[in-house]
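Work through the exercises below with the sequence and the model open. Each task is followed by a solution in steps.

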Amino acid sequence: MIPFGGWEMPVEYGGIAKEHVAVRTAAGLFDVSHMGELDVRGPEALDLIQHITTNDASKIVDGQAQYSAMAYPHGTVVDDLLVYRHSAEHFLLVVNASNIGKDFEWINSHNRVDATVEDVSEETTLLALQGPQAIHILQPITSVQLRNLDYYHFTRGKIFNVDAIVSRTGYTGEDGFELYFSASESEPVWNGILEAGTAFGLVPAGLGARNTLRLEAKFLLYGNDMDGTTTLLEAGLAWIVNLEKRDFIGRDALLKQKQDGVKRRLVGFEMIGKEIARDHYPVFVHGREAGHVTSGAPSITLKKNIGLAYMPSEQASIGTTFQVSVRSKFSEARIVRTPFYKRTATTDG
Amino acid sequence: MTPDDLLFTKEHEWLRIGGETGTIGISDHAQKELGDIVYVELPKPGMRFKPGETFGSVESVKAVSELFIPVSGEVVEINEDLGAAPEKINEDPYGAGWLIRIRLLNQDETADLLSAEEYDDYTKEEKE
């Protein structure tokens, strides 16, 4: 056998399954500093955000965050991102690590209002504290009143004595927080949170668990589940495309695709056989290759093997079965409702 | 400590010879690299393989890895317990986590395998 290589970030600390379960039942701490942060300022910053993103940023207020995307003129995805509104004249965009350079250039090339766009990724640390115990771990060490902080809202405050943005967001399907602060404080804050969380069952968690957690919650991964070749509507992201907004890049194409009908759709599936569908495995419908698995992994919570794949729209309904080619053998799969996992408890606090 | 009665491939399988049969598994180093093993695909008894051929695969949460047979053999037994408990490979890679037993078809081929000491050196080098 050949052990899997190619990862350069901490994939795991104590085993993916253990970390995954800890996040679902207690808490996990992720270092996701590789994510990109772009600071946008200027009197007409909102106008720029509205022009380059597909969701309607005028609907969020100061201290609120919004999941959104940037589209190419033909409706495919430049990147998906979080838009944080400090004020109408100051936004923070959080983008995917692999897209930082591309996004920065894209935004600047459409910057018709002369906003200042600054890439602050290098000097920003981002830790994600996720899980049902996250609020109880963070509250004693922050100045922020966490129970007053709603989902997808953020505020400035202290963690220990460090200035931070505390945001009630995450990529795991659990309640939790994302913490942005100066990279020079990374180590003491990371160690401090881990220590504060020990009694609550907090564990450090890596990119492996981050991937299995986000897949269960059907959070899409750029580069796998959507990219410059798939439109936002095909990816099932119509909910972040606000066609009522008059002018944004990609609007015409997305409007036309909505009117004409979407030809393929990203679906969630579970394997009927014991085999595990992995990223890039080909997918067959009635013996004909129809696409490939964009993300596939064992679901640690559900104890099933799950995945996402693009399917022709006429074969994309719940319950439809198809085949995944697993090392040149066909294995049956069935389209299921997503998200695969949804937490039952309401947000605590 | 790597048991010194075993022979190893550079692809991280081990072979324990007992008379005319050999038991095959994956090394402790390999199970650590893979992480939590969740699925094992093994051949049917009676199947024959030549050195280096794929006889199955192991899957962890993060990846799938093919298994390569160290020497020529005919499968006489597979570890049925792994179907329900693949984590035995993580827990006890040189014992309860064995994969298959084969009837050895050409004992001379073992000359190409690594001793425990050579294998340990090899994995250290690989890391560096």
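**Exercise 1. The largest nonpolar core**

Task: In this predicted model, how many residues does the largest nonpolar core have, and which of them have the most contacts inside it?

Solution: 
- The core has 125 residues.
- Those with the most contacts inside it are A:Ile49, A:Val83, A:Leu93, A:Leu127, A:Leu129, A:Leu179 and A:Leu232.
- Strand S4 of chain A, residues 77–87, supplies the largest share of this core, with six residues.
- In soluble globular proteins, nonpolar side chains tend to be buried together.

**Exercise 2. Overall build of chain A**

Solution: 
- Chain A has seven helices and 17 strands.
- Its radius of gyration is 20 Å, close to the 20 Å that the globule rule gives for 349 residues, so chain A is as compact as a globular protein of that length.
- Along the principal axes, the C-alpha atoms of chain A fill a box of roughly 60 × 50 × 40 Å.
- Of the 349 residues in chain A, 46% are buried.
- Taking contacts in chain A between residues at least 6 apart in sequence, 68% join residues at least 24 apart.

**Exercise 3. Overall build of chain B**

Solution: 
- Chain B contains four helices and ten strands.
- Read from the N terminus, the order is β-β-β-α-β-β-β-β-β-α-α-β-β-α.
- A compact globule with 128 residues would have a radius of gyration near 14 Å, and the 13 Å of chain B agrees with this.
- The C-alpha atoms of chain B fill a box of roughly 35 × 35 × 20 Å along the principal axes.
- Buried residues account for 44% of the 128 residues in chain B.
- Of the contacts in chain B with a separation of 6 or more, 63% are between residues 24 or more positions apart.

**Exercise 4. Where the chains meet**

Task: How many residues of chain B are in contact with chain A, and which element of chain B gives the most?

Solution: 
- 22 residues of chain B are in contact with 18 residues of chain A.
- On the chain B side, helix H1 (28–34) and strands S4 (37–41), S6 (54–60) and S7 (64–68) each supply at least two residues.
- S7(B) gives the most, with five residues.
- By type, the residues on this side of chain B are eleven nonpolar, four polar and seven charged.

Note on methods
Residues numbered from 1 in each chain as written. Chains lettered and ligands numbered in written order. Predicted model: local features only at pLDDT ≥ 70, side-chain atom pairs only at ≥ 80, totals over all residues. Contact = placed C-beta atoms within 7 Å. Nonpolar A, V, L, I, M, F, W, Y, C, P; charged D, E, K, R; others polar. Rg over C-alpha atoms; globule rule 2.2 N^0.38 Å. Buried ≥ 20, exposed ≤ 12 C-beta atoms within 10 Å, placed from the backbone. Core = buried A, V, L, I, M, F, W, Y, C linked by C-beta atoms within 7 Å.
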